[in-house]
Amino acid sequence: QILSCPDPISMLSRFGSKVLLMHACFLALRVCSWPLLEVGIGKCNLIGLIGVCAALYLGFDFRFSSLRCQMDLLALVLLAVGSAFLTEVVDFYNHQSLLESTIFTSANYIEILAFVPAVWMVHSTVKKGEDWSSITAAKESQASAFFAFLVAFYVMEDLFSAYRLGFNEPFGAVGHIVHFLLLLDFACFLLAHIYNPDKLSGSLLRWWGPTQHWV
């Protein structure tokens with residue numbers, strides 16, 4: 001739905017920090033629980049946590065004092081943890097300890113909810129008919145930092161995982177690859193919107209026709 005916005009880059013500048021903070025939450029949980037159990041690839045989690053902190057600081061000028069304005073994310077994290085706990089309590093086939101399984105499932109649930117702030121903000125903005133125009137240097141920097149982290153992280157998260165699954169779980173491997181390709185396509189579209197909007201506009205117009213021209 002972000003593609004229907006007249007200025008998706010301005011929209012990204014609003015939800016980008018929230019999406020990155022959600023990634024920081026589940027990566028911090030993975031890193032802190034690493035001595036107890038490994039969720040994903042331990043070293044990749046640590047690299048990802050450093051990367052998301054760098055993206056927040058350099059791209060969005062985020063400071064710890066800004067956390068007071070992110071209480072909606074706290075509600076999402078608590079929802080994920082609470083749901084994970086209930087899931088593991090009723091899972092009669094779970095052979096791990098309740099603590100380990102709850103940490104594992106919580107990290108996965110928080111990752112699943114990581115893009116919910118983006119979906120919610122885009123939906124509410126389109127519904128209200130709000131509009132922001134003008135792509136500034138700050139927004140360019142935010143978009144670059146946002147996608148630099150996401151693409152690099154999901155190379156580790158998706159492509160490495162797909163390689164590890166290999167022929168043992170082919171459908172899981174394919175799912176990781178498809179997820180990465182969708183993310184890469186989205187990143188290329190928005191970055192092209194910043195750095196070459198006229199060419200992108202003309203290409204979409206030739207492909208879809210004037211009635212479906214989004215940019």
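Author: E157 and R30 are both buried (under 20% relative accessible area, with exposed over 50% and partly exposed in between, using a 1.4 Å probe and protein chains only). This is a predicted model, in which local features need pLDDT of at least 70, side-chain atom pairs count only at pLDDT 80 or more, and totals for chains, interfaces and linings use all residues. Residues are numbered from 1 along each chain as its sequence is written, and side-chain values use heavy atoms, with hydrogens and water left out.

Reader: Which residue forms a salt bridge with E157?

Author: A salt bridge is a side-chain nitrogen of Lys or Arg within 4 Å of a carboxyl oxygen of Asp or Glu. For E157, the closest N and O atoms of the pair are 3.0 Å apart, and the partner is R30.

Reader: Which residues are linked with R30 in a network of salt bridges?

Author: R30 also meets the side chain of E111 in a salt bridge, 2.9 Å from N to O. E111 is in helix α4 (residues 98-112) and R30 in helix α1, so the pair joins parts 81 residues apart in sequence. Helices here are DSSP runs (H or I, at least four residues), numbered from the N terminus. The residues in the network with R30 are E111 and E157.

Reader: Is K18 buried or exposed?

Author: K18 forms a salt bridge with D72, with 3.0 Å between the closest N and O atoms. D72 is partly exposed, at a relative accessible area of 39%. The relative accessible area of K18 is 12%, so K18 is buried.

Methods. Helices (H or I, at least four residues) and strands (E, at least two) are DSSP runs, numbered from the N terminus.
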